[in-house]
Amino acid sequence: MSRKLYIITFGCQMNEADSEHIARIFRKRGFELTDKLNDADAVLVNTCTVRQLAEDKAISQIGRLKHWKKAKPEGKLFVTGCAAQRLGARNIKKRFKYVDIVSGAKEIGKIENIIDSAYPLHTALNIDAKPENIYRSPLTAYVTVMRGCSHRCSYCIVPSVRGPAVFLSREEIIRDAKEKLAGGAKELVLLGQTVNSYKRPGYTFSNLLEEILNLPGLLRLRFMSPHPLYFDKDFKRILKQYPKLARHIHLPAQSGSDRILKLMRRGYTHNQYLDIIKGLREEIPDLAVSTDFITGYPGETEEDFQETLRLVSEARFSSAFCFKYSPRTDNPAMASDIPENILEERLDRLLKAVKKISNVILLERIAKIEEVLFETADFGRSSSNMAVRINSAAEPGSLKKVEILSAERNTLHGKVLL
Ligand code: SAH
Ligand code: SF4
Ligand code: F3S
């Protein structure tokens with residue numbers, strides 16, 4: 001009977017992609033994945049630290065694994081990722097004596113050697129392990145194109161725990177994409193913290209998109225997260241030319257106030273951000289755009305916040321993740337000076353503003369035709385990343401044109417056009 005690995009992943013898609021990478025390394029050593037902790041011979045906790053709450057969750061998860069380790073003393077507990085990087089192995093092992101191996105996010109390139117120290121590779125085992133595809137639907141696979149980040153957004157801990165931007169080679173990326181398509185993926189998601197800043201000598205992000213868009217078997221291509229500073233002219237052409245490139249972009253804005261954007265060192269203004277969206281919508285008028293916002297950045301005034309609300313209605317976001325600012329530096333000036341009740345109230349107003357516009361956008365899709373990639377017989381996602389349900393049955397993995405008849409609770413309902 002093969003040994004079993006139980007994985008718990010916190011944080012963003014990049015962490016999920018890293019967990020898949022680690023799962024494959026275990027697979028090569030004869031492990032299978034399990035969703036039952038009690039069956040596990042090894043446990044991986046891949047941690048996040050982007051906000052204090054994310055780190056706290058990961059830490060309390062490690063705490064809860066004490067029972068598992070007690071019941072299975074020969075089992076091995078691995079702690080990886082961004083919080084592991086920030087806190088350090090010594091710190092974590094001191095606090096949780098039963099943790100076997102700690103490996104921070106910066107060590108992802110060496111993780112196979114690290115795992116080897118616990119579970120050496122036996123060549124007789126399943127060394128041909130296929131890529132893992134755990135987190136989205138089985139049709140959707142992640143392809144990491146860069147690691148780390150070289151920006152210095154004032155609020156953000158990612159560059160310090162993941163290190164500076166490193167771009168994978170064209171060959172590595174294309175090989176990974178092909179392998180995942182051969183394994184049954186129909187949709188690929190290119191991943192990086194500023195994914196569209198991807199650049200290798202003589203080869204740009206747009207070149208990469210175009211090459212992947214031409215791979216046989218691909219039905220849809222997504223990428224995240226792009227940064228507003230890096231869209232080039234080619235990108236607009238590619239968006240127009242290739243319907244396989246999703247009609248949805250997740251473009252984190254963080255704030256709508258020029259003053260706060262400057263303090264955050266984001267490198268763009270409210271109007272520049274809007275102009276980018278307007279430019280893309282000249283090509284694709286119903287391009288869906290989602291975003292991330294941080295409320296309560298130190299010094300944020302009601303006027304600043306109003307600018308964010310204005311951006312929500314002008315940019316017409318189809319959805320937005322809204323976070324309360326969490327201080328992640330040791331600089332006391334970076335603590336939020338905004339009372340908790342005002343913070344809560346702003347977050348609430350922002351969520352309501354987003355909900356209002358996203359509902360309008362959903363209703364606007366009625367009577368339109370959406371291209372849907374079916375994940376099950378009656379459920380799929382449109383190119384604009386909206387959930388779509390039908391009453392008949394379609395083949396999972398197929399792409400169909402669906403006429404939208406109604407919309408409710410974040411889901412479009414429609415019928416397949418023949
Ligand atoms: N690279 C992406 C964001 C990565 S972090 C970009 O540049 O847009 C994911 C999201 O977490 C960010 O978009 C931001 O909204 C949020 N975030 C990052 N640091 C935070 C902090 N200190 N407090 C609250 N939210 C934060
Ligand atoms: Fe963090 Fe994104 Fe800014 Fe990089 S670009 S520092 S990951 S918010
Ligand atoms: Fe969290 Fe690290 Fe991603 S801090 S958001 S898991 S890059």
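## Packing of helices H8 and H9

Helix H8 (residues 170–182) packs against helix H9 (residues 205–213) at an angle of about 30°, and their axes lie 11 Å apart. Helices (H or I, at least four residues) and strands (E, at least two) are DSSP runs numbered from the N terminus; axes are lines fitted to C-alpha atoms, for helices over the stretch in contact, with angles from 0 to 180 degrees between N-to-C directions. H8 and H9 are therefore roughly parallel to each other, a term for angles under 35 degrees, whereas those over 145 are roughly antiparallel, 65 to 115 roughly perpendicular and the rest oblique.

In this pair, Arg170, Ile173 and Ile174 of H8 meet Leu208, Glu211 and Ile212 of H9, where contact means heavy atoms within 4.5 Å. By class, this contact of H8 with H9 has four nonpolar, no polar and two charged residues. Ala, Val, Leu, Ile, Met, Phe, Trp, Tyr, Cys and Pro count as nonpolar, Asp, Glu, Lys and Arg as charged, and the others, Gly among them, as polar.

## Basis of the model

This is a predicted model, in which local features need pLDDT of at least 70 and side-chain atom pairs count only at pLDDT 80 or more, while totals for chains, interfaces and linings use all residues. Residues are numbered from 1 along each chain as its sequence is written, chains are lettered from A and ligands numbered from 1 in the order in which they are written, and side-chain values use heavy atoms, with hydrogens and water left out.

## Packing of helices H12 and H13

The axes of helix H12 (residues 270–283) and helix H13 (residues 302–315) cross at roughly 10° and come within 11 Å. That makes H12 roughly parallel to H13. His270, Tyr273, Leu274, Ile277 and Arg281 in H12 meet Glu307, Arg310, Leu311, Glu314 and Ala315 in H13. The contact of H12 with H13 comprises five nonpolar, one polar and four charged residues.

## Ligand surroundings

Around ligand 3 are Gly11, Cys12, Asn15, Cys48, Thr49, Val50, Cys82, Arg162 and Gln193, a residue being near if one of its heavy atoms lies within 4 Å. This shell divides into four nonpolar, four polar and one charged.

## Salt bridges

The whole structure contains 34 salt bridges, each a side-chain nitrogen of Lys or Arg within 4 Å of a carboxyl oxygen of Asp or Glu. Asp18 forms one with Arg147, with the closest N and O atoms 3.1 Å apart. This pair links distant parts of the chain, as Asp18 is in helix H1 (residues 13–28) and Arg147 in strand S7 (residues 146–147), 129 residues apart.
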